[in-house]
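Here is a quick tour of some charge pairs, the chain contact and the packing inside. Have the structure open as you read.

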Amino acid sequence: MFAAAAPLLELIKLLPRFADIEALLEHEIEARYILKRAADHLELGKLEGSSSSEEISYLIGALVDKHWERIHSGHFSSVPLVIRKVYALGCYFKIIFMLLESTSHEQREKCGAILDEAQLLGCTDKLYAKSKDLQAALMSYLDEDVIGNNSKPLPILAPLERISSRCDIPQLNAPSILEFRNSCYQAEQPTLLLNTINHWPAISKWRDLNYLLKVAGNRTVPIEIGSNYVSDEWSQQLVKIRDFLYRQFGRETSSDDNQEVEYLAQHELFAQIPTLKSDICVPDYCTVSGDTPSNVDIKAWLGPRHTISPMHNDPKHNLLCQVFGSKIIILASPADTPNLYPHESEFLNNTSQIDAAIPDFERFPLLRRTRFYELLLQPGDCLYLPPKWWHYVRSETPSFSVSFWWE
Amino acid sequence: MRQFLFTGFNAFGQHNINKNNNSCRTSVLEICTPRDSNEYPMIIAPCWRYTAYAVGQRLFLQGLFDSQPGECLEVEAAVRIKALAACDNHCLVLLQNGELFKLAAKLRAQLVQIKLENPPIAAATKRTIFGDAKRIACGSPGEITHIACGSHINVAISAGNAIYSIPSCLHQFPVRQWRVQQLECGNEHAILLNGNGDVYSWGNGLRGQLGHEALGVQETPRLIDALAGIKITHIAAGGWHSAAISAFGDLYTWGSNCNGQLGMRVLKPGGLLKEPTVYPLPQLHDLPECCEAAQDADADAVCSPLRICAGSRHTLLVRSCGRVWGSGWTIHGQLGKQLEKRTYLDKFEAIYDAPANYDYNVICGPWATLIMLSK
C-alpha cells in the first residue's frame with residue numbers, strides 16, 4: 001500500500017482507472033501508453049519511490065509538455081478536443097505524482113498552478129465519471145493552507161462620490177426591457193444606463209480587496225502587462241490573482257513608482273470562480289434578442305488606475321457594467337471606421353492606430369472628420385454598446401468592470 | 001569511422017544508447033544507429049515519437065508506434081534515399097531519382113508515392129525581351145529536390161522551383177537564376193534560403209516565427225524584409241521560432257522565446273514577471289567570446305558562426321572552432337545532461353566541444369540534439 005496520507009489516498013481513488021479512459025485514448029498512442037502505465041501503477045498501489053515511479057512521473061511530465069505544445073500549435077479553436085482532454089488528464093496525474101513526492105506548501109503551490117492550467121488550456125468536461133469530483137477535491141485540498149495565512153491585508157477601497165460629468169450619449173434611468181429594446185438595441189444607440197445593477201452584492205463586496213483575495217487569490221489568470229495591448233512592451237502571462245492583487249493594489253502608493261500596469265482583462269473569471277459569479281447577475285437586457293443567459297459571454301476587467309484599452313471594436317452587443325472605480329470612455333460610430341486608421345494586421349484590424357485621448361491630426365488627418373463621444377463610467381453604471389462601435393477605455397481609479405457580450 | 005552522440009528525450013527508445021562506451025561525465029551519450037554501414041552516409045531525422053534513419057535504400061523508424069517503446073518499422077525503397085523529413089504522424093522520403101514517398105508512422109506501414117498537383121501554367125509564363133509570352137517547361141511537377149515537414153505543414157520543392165504544400169502547388173519561383181539553398185519547417189511554418197542569401201517564410205506566424213512585422217498567416221512565400229540585403233548563409237526553423245546566420249558572421253533569431261530559445265532573456269529582473277515572449281522581427285545577437293583562439297587578432301575567422309539548428313524550443317549554434325552553443329528549453333536534456341538542474345537557458349552558452357580532426361554535423365530533434373562525428 002501507499003505510504004501516503006489519507007487525504008492523498010482519497011484523491012488517488014478519484015483518478016480514472018485505465019478502463020475509464022481507454023475509449024477516449026483510442027487513437028492517442030503516447031497518451032495510451034503513458035496513462036495506462038500511470039493508472040495501473042497507482043491502482044496497484046505500489047510503494048512511493050519504487051524504481052518505476054520516478055520513470056512514470058517523468059513520462060507523465062513529458063506527456064503534459066507535449067500536449068502543451070500541441071495546444072499551442074495552430075489556432076486554439078482548431079485544436080482537437082481530445083488533445084485538450086489528454087492535457088487535463090495528464091495534469092491530474094502529474095499533480096498526484098508530485099504530491100506523492102512531497103506535500104510541502106511550495107509543492108502544493110506548484111500543483112495549484114498546474115490545476116489552473118488544466119482548466120484554462122485543457123478540457124475538463126466529461127473526462128470520466130468522477131472527473132468533476134477530482135477537480136473539486138484537488139482544488140480544496142490544494143487551497144487549504146493557502147487562504148488565511150497572515151499576510152498583510154489589502155486595502156478596502158473607499159466608495160466613490162458620484163460626480164456630474166460630461167456625457168455625450170443619451171442616459172436612461174433603469175429603463176424597462178421594452179424601452180431598452182426600442183431606444184437602444186434596435187436603434188443601435190450607445191446609451192448610459194443608470195441604477196440597473198445597484199442590487200448586485202458585488203457593488204459592496206468587491207471593494208474589499210481582501211474578499212477577492214479570499215475567494216480568488218489562489219487562482220491563476222491571464223494578465224496583460226504594459227499600458228496597452230498594441231505597444232511593443234505589452235505582454236500577456238499567467239499569474240496568481242493573489243500576486244497580481246498585492247503588486248497592483250497592495251502598496252500605499254500603488255501608482256507612480258515605476259511599476260508596470262497589469263490588467264486582468266477580457267477573462268472569463270466567473271466560469272473559473274463560481275463564488276464570484278453569485279455576486280452578479282446577467283442583466284435582463286442581454287436576453288432582449290430572445291437569447292438565453294447561458295449564451296452570454298461574461299468577462300472580468302480588473303486593474304489599477306490608468307489601464308488603457310486603445311480604440312477598438314467588438315463584433316457583439318456589449319453591456320459594460322462598472323462595479324467599482326471609474327473609467328473614461330471615448331466612442332465613435334462604425335460609420336467613422338475609414339477615418340480611424342485600423343491596423344492592417346489580421347490580429348489588430350479591429351484596433352485603431354490612434355490615441356483617442358490625444359488625437360494626432362497631423363499624422364491622421366481623417367480624424368478631423370470623426371465624431372467622438374465621451375463619457376465617464378461610474379460605479380453602478382452600465383454602458384450599452386451596439387456591435388462594431390469603436391471604444392477607448394481608460395481607468396481613472398482602481399477599477400473592476402464586468403462585460404456581457406451577446407449576439 | 002563515424003560516431004553518433006545524443007542528448008535529450010529518449011523515453012520511447014528512439015535511440016539505442018551505447019552502454020559500453022559512455023562516461024557519465026560527458027554532456028552527451030554515444031548511440032548506436034540501426035544497420036549502420038560505411039558504404040553510405042547515414043541520414044537521420046528525429047521527431048518526437050520516433051527517429052527515422054536511412055542508409056542507402058533502407059529506411060528504419062524506431063520509437064513508439066503502438067504499445068511499447070523501441071518498436072521498429074523497416075522498409076526498403078526502390079532506389080537510394082536522398083532525404084528524410086519526419087513528423088509524429090508520418091515520414092516524408094525523397095529518393096535519389098526525385099520521387100517523393102510517404103510512410104505512415106505505424107507498424108506494418110508501407111511507402112506510398114505522393115502525387116503532386118501540376119504547377120499553375122500562368123506562373124510559368126514569362127516574357128521574352130521582345131515582349132512575347134514564353135512558356136517554360138514546367139508541365140509536370142517534375143523532380144523534387146527539397147522536403148521538410150512539421151506537425152501542421154508539409155513542404156516539397158521541385159527542380160523547377162515550384163513550392164508545394166503537399167500536394168498542392170503554392171507558388172512558383174523563377175525557374176532560371178534562382179536556386180533553393182535550404183528549406184526548413186517548424187510546427188506550422190516554413191522558411192527557405194535561396195542561393196542569393198534571401199530568406200522567405202510562409203505558414204502560421206501567430207508567434208512571430210515568420211519574421212514579418214505583423215503577426216498572422218502568410219499563405220505563400222514572402223521575403224523577410226528585415227533581412228533583405230543581408231546575405232544569409234544558413235537558416236533553421238524550430239517549433240515556433242526561426243534563426244539565421246549571415247555571411248558577416250551575425251546571428252539572428254525571431255519568433256517565440258517562451259523558453260529562451262531565441263537567446264533572449266525570459267524573466268524581467270526580479271524574476272516575477274516575464275519579458276515579451278514573441279519577437280516578430282529578427283533580433284541581432286552579440287555573440288559571446290568563444291574559445292582561446294578568439295583572443296588572437298584573427299579572432300573572427302576562428303569562431304565565426306557556421307551552422308544553426310533548432311528543435312521545438314531550443315536552438316544550437318555551431319561555430320567554426322568546433323564549439324557548439326545552445327539556448328532554450330533543456331528540461332529533457334536537450335542542451336546536454338550537464339545542465340540537469342536547469343530548465344532553460346536564455347542566453348547562448350557553450351555546451352559541447354567537438355574533438356579536433358573530426359567532421360561534425362548537428363541535428364535537432366524536437367526535444368533532442370544529435371551530433372554526428374566522422375573522420
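## A bridge between chains

Glu260(A) is partly exposed, at 26% relative accessibility. In this predicted model, its side chain meets that of Lys268(B) in a salt bridge, 3.3 Å from N to O. The lysine end, Lys268(B), is buried, with a relative accessible area of 14%. Glu260(A) sits in the loop between helix H11 (241–249) and strand S5 (262–267) of chain A, while Lys268(B) lies in the loop between strand S24 (251–256) and strand S25 (278–285) of chain B, so the pair joins two chains.

## The rest of the interface

How many salt bridges does the rule find across the interface of chain B and chain A? There are 6, along with 13 residue pairs in polar contact. By class, chain B's side of the contact brings 19 nonpolar, 8 polar and 8 charged residues. In total, 35 residues of chain B and 28 residues of chain A take part, and the two chains bury about 2,600 Å² between them, 59% of it on carbon and sulfur atoms.

Another bridge is the one between Arg49(B) and Glu30(A), at 2.7 Å from N to O. These two belong to a network of salt bridges that also links Lys66(A), Arg70(A) and Asp88(B).

## Salt bridges within a chain

Over all chains, the whole structure has 32 salt bridges. One of them pairs Arg219(A) with Asp116(A), with the closest N and O atoms 2.8 Å apart. The partners are 103 residues apart: Asp116(A) is in helix H6 of chain A, and Arg219(A) is in the loop between helix H10 (209–216) and strand S3 (220–225). Are they buried or exposed? Arg219(A) is buried at 4% relative accessible area, and Asp116(A) is buried at 0%.

Now look at Asp225(B) and Arg222(B), whose closest N and O atoms are 3.9 Å apart. Here Asp225(B) is exposed at 52% and Arg222(B) partly exposed at 35%.

## Nonpolar packing

The largest nonpolar core holds 57 residues, and Leu35(A) and Phe93(A) have the most contacts inside it. Phe93(A) touches, among others, Leu15(A), Pro16(A), Leu35(A) and Ile60(A). A second, separate core of 49 residues includes Tyr185(A), Tyr211(A), Tyr285(A) and Cys321(A).

## A buried serine

Ser395(A), in strand S12 (residues 390–395) of chain A, is buried at 1% relative accessible area. A polar atom of its side chain lies 3.0 Å from the backbone nitrogen of Thr307(A). Ser395(A) also touches residues including Pro304(A), His306(A) and Lys327(A).

Technical notes:
Residues numbered from 1 in each chain as written. Chains lettered and ligands numbered in written order. Predicted model: local features only at pLDDT ≥ 70, side-chain atom pairs only at ≥ 80, totals over all residues. Heavy atoms only, no water. Contact = heavy atoms within 4.5 Å. Buried area = accessible area lost by both parts, 1.4 Å probe. Salt bridge = Lys/Arg side-chain N within 4 Å of Asp/Glu carboxyl O. Polar contact = N/O pair within 3.5 Å; in protein donor to acceptor, adjacent residues only side chain to side chain. Nonpolar A, V, L, I, M, F, W, Y, C, P; charged D, E, K, R; others polar. Core = buried A, V, L, I, M, F, W, Y, C linked by side-chain atoms within 4.5 Å. Buried < 20%, exposed > 50% of the residue type's maximum accessible area, 1.4 Å probe, protein only. Helix = DSSP H or I, 4+ residues; strand = E, 2+ residues; numbered from the N terminus. Lists of a residue's contacts leave out its neighbours within four places in sequence.
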